[in-house]
Amino acid sequence: VHELLNVVQMVAEICGLGIVLFLTRDLVSAFWVLIATTVVIDVLTLAYYRPVAGLPRPSDLRRYLNLTLPLLAQDLSNRTIRNADRYLLLVLASPTAAAVYAVCSSVSQMIENAMGVISPGLYPQVVDAWARDDTDTLAELYSFILRWFILLGIPAVVGMGLLAREILTTLSTGIVADLGIALLPITAFVFLVSGLNTPFVFLINAMEQHAVLSNCYVVAAVLNLVLNFALIPQFGVFGAVAAAGLAYGIVTIYIIYWTHTRVGYRLPVVTTVQSIVATVVMSGAVLAAPPLGSNYFQMAVYPVGGAVIYFVTMAAIGGIPWSDIDTVRQTVFTDR
């Protein structure tokens, strides 16, 4: 239900923003759309669940705070890592550097957001398996998730690097594209590392070990701020992305280590090597292809052609277990 509400709110915001900005070009009206959407979703949720009137019991309030305060610390720390570097670039570097970094980060975030596709089906499965103490199912599930995350993530990052100029020119300006060509694949890799956290957060929440997340995120946020102040004056946007990469790297490594000691899933070492080989083949084919004369054509044709070459190569070297297709169906379309 929680994931469904998030999806409904996100779709409503996208539709509302698209209509208002297309008709009025007014940012103030766009903000009012976001506010109205949030209010409507909250009111409808309260009306549906009809919470009992009266004060909560002290014991319930204490348990609620124990569970949610660590989540608050995690959320604030994650927002610090996600947003502080943009403001520090504006102050410590230049408005141009902040704009280039903002555009590259926004584009790269698509890789992280792709993990959200499996959230509605994955979260209930993880909670149910942990409640039944079925660690074997969890191990197989997370082995599958890691394998396919690497299998899809590596070519996505490299593909963004190959089409960096076309993507940035289409979404921004030529100046931003010139400055962001080398930055885009790096930010894409950072968000690939960050997106790897999403499924493991479900497992930690199912265990109700929220302090694990809050502690590592707080440490990462403090490190991120320190590195931003130290690196941005010297290296500009590359200092900011290095700070974010180190922060998310610490979080990801710690979370994988912590969960792996409790659920024995397999790390996709062989899949990673196979994916790198197939990505090299894909990159060679894309670089050898003739220019199509239009950014739009290249952004439409090259990804499709590159994906075909990549998956054919992966199938040829045994990197795709076709039995996983049924697992994808069960994960994304879980019967309720």
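The accessible surface of this predicted protein model comes to about 18500 Å², and carbon and sulfur atoms account for 71% of that area; the areas come from the Shrake-Rupley method with a 1.4 Å probe, and for residues only the protein chains shown count as cover. The model is a prediction, in which local features need pLDDT of at least 70 and side-chain atom pairs count only at pLDDT 80 or more, while totals for chains, interfaces and linings use all residues. Residues are numbered from 1 along each chain as its sequence is written, and side-chain values use heavy atoms, with hydrogens and water left out.

The protein has 15 helices and zero strands, where helices (H or I, at least four residues) and strands (E, at least two) are DSSP runs numbered from the N terminus. The radius of gyration is 22 Å, close to the 20 Å that the globule rule gives for 336 residues, so the protein is as compact as a globular protein of that length; the radius is taken over C-alpha atoms, and the rule is 2.2 Å times the number of residues to the power 0.38. Taken along the principal axes, the C-alpha atoms fill a box of roughly 70 × 50 × 45 Å. Of the 336 residues, 39% count as buried, a class that means under 20% relative accessible area, with exposed over 50% and partly exposed in between (1.4 Å probe, protein chains only). Among contacts with a separation of 6 or more, 79% come from residues 24 or more positions apart, a contact being heavy atoms within 4.5 Å.

Helix 14 (residues 295-316) has 22 residues and reaches 31 Å from its first C-alpha to its last, close to the 32 Å expected at 1.5 Å a residue, the expected span being 1.5 Å times one less than the number of residues. Its buried residues are Gln298, Tyr302, Gly306, Tyr310, Thr313 and Met314, and their cover includes helix 6 (135-162), helix 7 (164-171) and helix 13 (269-288). Just after helix 14, Gly318 takes a positive phi of about 75°. Gln274, which lies in helix 13, touches Met314, Ile317, Gly318 and Gly319, not counting residues up to four places away in sequence.

The relative accessible areas of several individual residues are set out below.

| Residue | Relative accessible area | Class |
|---|---|---|
| Arg25 | 69% | exposed |
| Asp133 | 58% | exposed |
| Leu72 | 45% | partly exposed |
| Gln274 | 15% | buried |
| Asn228 | 0% | buried |

Arg25 lies in the loop between helix 1 (2-24) and helix 2 (27-49), and its phi is near 60°, a positive value in a residue other than glycine. Asp133, placed in the loop between helix 5 (119-131) and helix 6, has a positive phi of about 60° although it is not a glycine.

Asn228 belongs to helix 11 (residues 210-235) and, leaving aside neighbours within four places in sequence, is in contact with Asp85, Leu88, Leu92, Pro233, Gly239, Ala240 and Ala243.

Leu72 lies in helix 3 (residues 58-92) and, together with Leu61, Tyr64, Leu65, Leu69 and Leu76, makes a nonpolar surface patch of about 580 Å². Patches are made of residues with over 30% relative accessible area and no salt bridge, like charges being joined within 9 Å and nonpolar side chains (Val, Leu, Ile, Met, Phe, Trp, Tyr) within 5 Å; a salt bridge is a side-chain nitrogen of Lys or Arg within 4 Å of a carboxyl oxygen of Asp or Glu.
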